[in-house]
Amino acid sequence: WEFNGSFYQPSAFLMMGIPGLEALHHWISIPFFLLYFIALLGNGVILFIIKKTQSLHEPMYYLLSMLAVTDLGLALCTLPTTMGVFWFNVRRIGFDACLTQMYFIHILSLSESSVLLAMAFDRFVAISHPLRYAAILPKSTIIKIGLAIILRSVLSLLPLPFLLKRLTYCKKTELSHSFCFHPDIMNLACADIKVNVFYGMIILLSTVGMDFVFIVLSYILIIKTAVSLATKDECLKTLNTCVSHICAVLIFFIPMIRLSMIHRFGKNIPPLVNTLVAYTYLVIPPALNPIIYSIKSSHIRAALLRALRKKS
């Protein structure tokens, strides 16, 4: 512990695995390892296929590459600490290391939300203006969108580590998860955390909240355009191109909103529920997204089969 008058700051935090199931951590680590392996392999393959296949150098697949990069980042951010807890019971994480991990987790989460919004806009343009699709979203525009997403995430979340570093902490240093999360660290403080709560809610509502609203609006316009098509088959075929994106939106936003609400308002919710929602939010989307897009996209499947045939 570092002491400076009445200011206390822990040198480290203690991470938590799955409460009540500590004796089974070695067995529980097996599905977690498989999910991380699928996330790393699946997103790596998606990036490789898009890079090597000239026909996939289109706005939709460039945005899918951004999604794969954010999913890889999320998996790599939480893998060392999560598997360290499950395999070796390494629970200690330094204070500054915890703030660094927290910052990158939140940056990548916000980036994923922004990428999903960009993908919704891409689907709207492709369905509403198919003949002008390439002209509206050229490669230069996609690059600008990517840079805007990075700047938005980095700058809007930059105050978080400093807001946590200014707080005085109690002697309780046990986190609720095997990774560092802003509301989780904030709740360990003995000081007034109103600024942290207010800033966190403002950022959540003005970024992720607005992204979700605009995604819903995009799909209202997409459905309106699809319904106006001449035949039912054309309408279903058009909407079918959005299925994978809708799945990605649901598996990302639902657990994220639940986790944020639990940390801020769910004081009486059992720790096990809190932990399961957290892992669903950070581990499941990176593993499922490449599977969903590989199953639904015939172009990615065909490119993957060609690559496998060449290798064999």
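Before you start: helices here are DSSP runs (H or I, at least four residues), numbered from the N terminus. Axes are lines fitted to C-alpha atoms, for helices over the stretch in contact, and angles run from 0 to 180 degrees between N-to-C directions. This is a predicted model, where local features need pLDDT of at least 70, side-chain atom pairs count only at pLDDT 80 or more, and totals for chains, interfaces and linings use all residues. Residues are numbered from 1 along each chain as its sequence is written, and side-chain values use heavy atoms, leaving out hydrogens and water.

**Exercise 1.** Work out how α3 and α5 pack, and which residues meet.

*Step 1.* Take α3 (residues 95-128) and α5 (residues 139-157): their axes sit 9 Å apart, at an angle of about 145°.

*Step 2.* Now the hand: the crossing of α3 past α5 is right-handed, meaning that the near helix is turned clockwise from the far one by less than a right angle.

*Step 3.* Look for contact (heavy atoms within 4.5 Å). From α3 come Y103, H106, I107, L110, S111, S114, V115 and A118, and they meet I145, I149, R152, S153, V154, S156 and L157 of α5.

*Step 4.* Sort them by class: nine are nonpolar, five polar and one charged. Ala, Val, Leu, Ile, Met, Phe, Trp, Tyr, Cys and Pro count as nonpolar, Asp, Glu, Lys and Arg as charged, and the others, Gly among them, as polar.

**Exercise 2.** Find the largest cavity and say what lines it.

*Step 1.* Grid points are joined across faces, edges and corners, and volume is the space filled by probe spheres set on the points.

*Step 2.* There are three cavities of 30 Å³ or more, and the largest has a volume of about 210 Å³.

*Step 3.* Its lining has 17 residues, with H106, L157, G200, I203 and L204 nearest the centre. H106 and L157 also turn up in the α3 and α5 contact.

*Step 4.* Helix α8 is the top contributor, giving five residues.

**Exercise 3.** Do likewise for the second largest cavity.

*Step 1.* Its volume is about 50 Å³.

*Step 2.* The lining is M60, M119, D122, R123, T241, S244, H245 and Y293; α3 gives the most, with three residues.

*Step 3.* By class, that's three nonpolar, three polar and two charged.

Note on methods:
Helix = DSSP H or I, 4+ residues; strand = E, 2+ residues; numbered from the N terminus. 1 Å grid on protein atoms, 1.4 Å probe; cavity = no way out; pocket = protein on both sides within 12 Å on 5 of 7 lines; lining within 4 Å.
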